[in-house]
Amino acid sequence: MNLELRCITERRLMKNNRYDTIVIGGGPAGQRAALELARHGVRTAIVESRAALGGTCLHEGTIPSKALRTAIIIMSNWRYRKLVGQDQRPLSRLDGSRLLEQVDRVIEKELQVIQDLMERNNIDLVRGRAGFTGTNTIRLDDQGIELEADSFILAAGSVGRKLDWVPYDGTRVIDSDSIYAVVDPLPGSMTIVGTGVVGMEYAMMLALAGVKVHMVGSSGTALGFVDQELVRTCLDELEFLGGQFHPNCKVRSVEAHENSAVVHMDSGESIESEIAMFSVGRQASTADMSLEAAGVETDDRGVVIADSMCRTSAPNIYAAGDIIGPPSLASTSREQGRLAALSLLGLPAKSMDERFIPYGIYTIPEMAWVGKRGGDGSGLVTGRAMYKHLAKGEMLGEDRGFIKLSFDPDTRVLLGAGAVGTDAAELIHVAKLLVEMQATLDDLLAQVFNYPTLAEAYKVAAMDAEAALR
Ligand SMILES: Cc1cc2nc3c(=O)[nH]c(=O)nc-3n(C[C@H](O)[C@H](O)[C@H](O)COP(=O)(O)OP(=O)(O)OC[C@H]3O[C@@H](n4cnc5c(N)ncnc54)[C@H](O)[C@@H]3O)c2cc1C
């Protein structure tokens with residue numbers, strides 16, 4: 001597979017090392033920013049330290065993890081397991097090399113699309129790690145080359161946070177960025193420390209692939225910021241798949257042995273498995289960028305401080321994506337990249353409205369939500385529709401999924417929605433539009449949905465909410 005960055009030549013670069021704008025980082029935020037600038041006639045370069053474009057998103061994050069998950073779901077026949085008489089946990093491990101083939105195929109295809117897009121828009125790609133030497137200059141540390149620009153967009157993303165007391169060795173004790181090095185062959189067992197999005201997604205897909213998974217978290221639950229009704233559904237599935245969740249466990253130390261890794265807890269308990277993976281959050285990639293030389297302020301965790309239009313404390317420098325902190329998603333990073341470019345150009349743009357960002361977590365089953373969360377103490381009225389009560393849900397053998405809608409009891413306006421189950425991350429976009437357009441319960445009741453579909457759950461959940469309001 002050729003993942004090499006097709007760089008402009010050094011000769012051409014040295015003759016002409018001045019750009020209107022330089023974008024630092026070739027992930028989703030950087031790509032989107034560069035495209036927007038190029039389309040407005042700005043002479044733009046992307047400086048990227050890796051051998052290929054795509055960022056964390058393409059190489060360790062969104063794309064490989066979702067390609068791996070999709071391959072596991074297909075190869076394990078999970079989606080239709082009830083219908084084909086496989087209502088049981090996996091009996092054997094899937095073939096890691098076949099899974100990796102699928103992941104590589106998707107990465108290669110996506111990379112081609114990105115490269116072609118950059119070339120078609122005459123965006124120069126320069127390989128090197130950028131550090132600022134002034135407000136208008138950067139140096140590529142590994143080559144000693146200086147580049148100059150009127151303005152910059154910082155899109156250097158984030159890296160997996162590493163704990164200094166963990167002996168990472170890339171084989172027995174790893175962080176989540178290194179997981180693809182241990183997938184072929186799949187290990188018999190794995191302990192995943194961390195119950196955030198990444199930890200939970202890998203725990204579930206690996207359990208489905210036949211790996212004995214232990215998921216260890218320091219609090220009483222997983223994904224504490226998510227509606228626990230959705231999370232509970234996924235934890236039940238994890239258990240069904242043979243995975244074990246260990247809540248309220250503080251990890252004290254980890255030891256790597258020749259054939260195993262042992263995680264020791266404060267409680268005195270230990271878990272031995274073939275591999276221990278730490279998934280303990282992400283860190284903005286600002287450590288070696290010398291941002292102070294350019295007058296760009298960061299917070300105490302190294303996150304670049306930027307306003308809703310991606311402006312930083314330096315007037316000619318904008319920032320987008322994971323480098324400016326949450327929500328830290330590929331979806332929002334792309335939009336921030338566009339906003340950063342429009343801000344820089346002084347063109348009108350509407351900032352991203354955080355109230356209407358759709359969130360998706362690719363657990364098995366997947367979960368998604370938008371807007372406000374109903375439930376105890378929220379003062380909202382909720383209505384639910386279980387997939388298994390829908391004709392389409394029954395056809396699919398869906399037993400756990402549901403959609404939950406939350407309405408203002410006085411105005412009857414839809415304020416939020418959550419979903420778990422097949423296609424939840426797709427279905428949530430219906431709710432995103434309805435919430436943003438302030439649709440009411442009555443608007444929903446008057447809709448016609450294709451039949452039989454899972455989307456029909458919206459109308460059924462609205463009817464449930466109406467019954468609760470009577
Ligand atoms: C396992 C995992 C799963 C995820 N799943 C999802 C998902 O399903 N959906 C979703 O929306 N998001 C997901 N994310 C988050 C998503 O990947 C990130 O939000 C997104 O990649 C951020 O884009 P970015 O452009 O800001 O940064 P990145 O994608 O991190 O790209 C930044 C680039 O900048 C380069 N760089 C860094 N420093 C320098 C420097 N000094 N000079 C030059 N280049 C530099 C890096 O090499 C990198 O290529 C996931 C993340 C992980 C880790």
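Predicted model: local features only at pLDDT ≥ 70, side-chain atom pairs only at ≥ 80, totals over all residues.
Let me start with strands β9 and β10, residues 189-193 and 212-216, which run parallel and are joined by 5 bridges; strands here are DSSP runs of E with at least two residues, helices are runs of H or I with at least four residues, and both are numbered from the N terminus. Within this pairing, M190 has V213 in β10 as its bridge partner. Residues are numbered from 1 along each chain as its sequence is written.

The two strands belong to an open sheet of 5 strands, ordered β8-β15-β9-β10-β11 with parallel pairing, where two strands pair if DSSP finds at least two bridges between them. At the edges are β8 (173-175) and β11 (244-246), each of which pairs on one side only. From one strand to the next the twist averages 20°, with axes taken as lines fitted to C-alpha atoms, for helices over the stretch in contact, and angles between N-to-C directions running from 0 to 180 degrees.

Helix α6, residues 197-208, packs on the sheet and touches β9 and β10, its direction making about 160° with that of β10; contact between two residues requires their C-beta atoms, placed from the backbone, to lie within 7 Å.

Turning to the domains, an automatic or database assignment sets the bounds, giving domain 1 (4-160 + 283-354), domain 2 (173-280) and domain 3 (365-469). The C-alpha centres of domain 2 and domain 3 lie 31 Å apart, and their contact takes 7 residues from domain 2 and 9 residues from domain 3.
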